[in-house]
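Colleague: I'd like to learn how to read a model with you, one feature at a time. Could we start once the picture is up?

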Amino acid sequence: MEYILAEDLKRHLEVLKKYIRPVGSADHPTLVNGSVRQVDFLLSPDGKTALPSAGGLSFVTSMKKFKGLLKLKARHVGEVDVYAFDDALALPPGLEIVRDRPGHASLRVKEKMALTDLIGRLEDLGRRMERIGRIRLTND
Amino acid sequence: MKDIHPPLLNYLKHYAARLKDSLALRILEAGAIADEKEAKALLRFLNVMLDQAVKDQKDGVKVLGEAAHASDAEKAYLAMEDFIAQAGFEDALDEDEDR
């Protein structure tokens, strides 16, 4: 992946209005350890079904939030890979993206689905997201 | 704090209890920040929580039934920063030296 600078994201965020997700360079763009996280999605008590909720996979939508997240990541990873998509990308069925806080959007489950389906749909999205580049992080 | 995804709030409470941060736990239980002192206390907790989450990931610790991953703590941190700002204590964020 090509190395870029954090400032290179400005156009993607402010002009192209993309949803940006930086992840550790060893990490998957949409999954963690091949699955989803409880902090992102609401699951049924048996853990087999994903339920609609206000939670969702986090994306940043402003430079302020992007830089804030990079500062947190710089405390434990040396590089991040930056993935993105915009409103032109068809989302997998049953998912929606909502700009829910300043500089933040959540990819939400909007209809009940099997956890295995959600994982498959997030994998599909991860494959189709744009890889913008890799950023080296420092602690200063 | 009613807008915060309940599993994310549970995650924060888990770390507040585990780190024995009674003030942070009280704020999270109350769902409101009373003053700037509490806002700063919450920020201190978030910084300690992130460091602990990084350590937990490296040590392979399970948190609420899942293998720890620092990205959970980052998400919780950003959500709480927004909550602190929304509660009117944005100045405390600017003074957060650990950030």
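Modeller: First, the ground rules. This is a predicted model, where local features need pLDDT of at least 70, side-chain atom pairs count only at pLDDT 80 or more, and totals for chains, interfaces and linings use all residues. Residues are numbered from 1 along each chain as written, chains are lettered from A and ligands numbered from 1 in the order written, and side-chain values use heavy atoms, with hydrogens and water left out.

Colleague: Which residues touch the most other members of the largest nonpolar core?

Modeller: In soluble globular proteins, nonpolar side chains tend to be buried together. A nonpolar core here is a set of buried Ala, Val, Leu, Ile, Met, Phe, Trp, Tyr and Cys residues joined through side-chain atoms within 4.5 Å. Buried means under 20% relative accessible area, exposed over 50%, and partly exposed in between (1.4 Å probe, protein chains only). The largest core has 54 residues, and A:Leu9, A:Phe66, A:Ile135 and B:Phe45 touch the most other members. A second, separate core has 22 residues, among them A:Tyr19 and A:Phe41.

Colleague: What is the area buried between chain B and chain A?

Modeller: The size of an interface is often given as the accessible area lost when the parts come together. Buried area is the accessible area (1.4 Å probe) that two parts lose on being put together, summed over both. Here that comes to about 2,200 Å², with carbon and sulfur atoms giving 49%. Taking contact as heavy atoms within 4.5 Å, chain B brings 25 residues and chain A brings 26 residues.

Colleague: How many salt bridges are there between the two chains?

Modeller: A salt bridge is a side-chain nitrogen of Lys or Arg within 4 Å of a carboxyl oxygen of Asp or Glu. Between chain B and chain A there are 8, including A:Asp40 with B:Lys75 at 2.7 Å, N to O. On the side of chain B that touches chain A, α4(B) gives the most, with 9 residues.

Colleague: What about salt bridges inside one chain?

Modeller: Over all chains the search finds 20 salt bridges. A:Asp81 and A:Arg134 meet at 2.6 Å, N to O. That pair links distant parts of the chain, strand β5 and strand β9 (residues 130-136) of chain A, 53 residues apart. Both A:Asp81 and A:Arg134 are buried.

Colleague: And a pair within one helix?

Modeller: An α-helix has 3.6 residues a turn, so residues three or four places apart point the same way. B:Lys55 and B:Asp59 both lie in helix α3 of chain B, 4 residues apart, about one turn. Their side chains form a salt bridge at 2.9 Å, N to O. B:Lys55 is partly exposed at 45% relative accessible area, and B:Asp59 is partly exposed at 48%.

Terms used
Helices (H or I, at least four residues) and strands (E, at least two) are DSSP runs, numbered from the N terminus.
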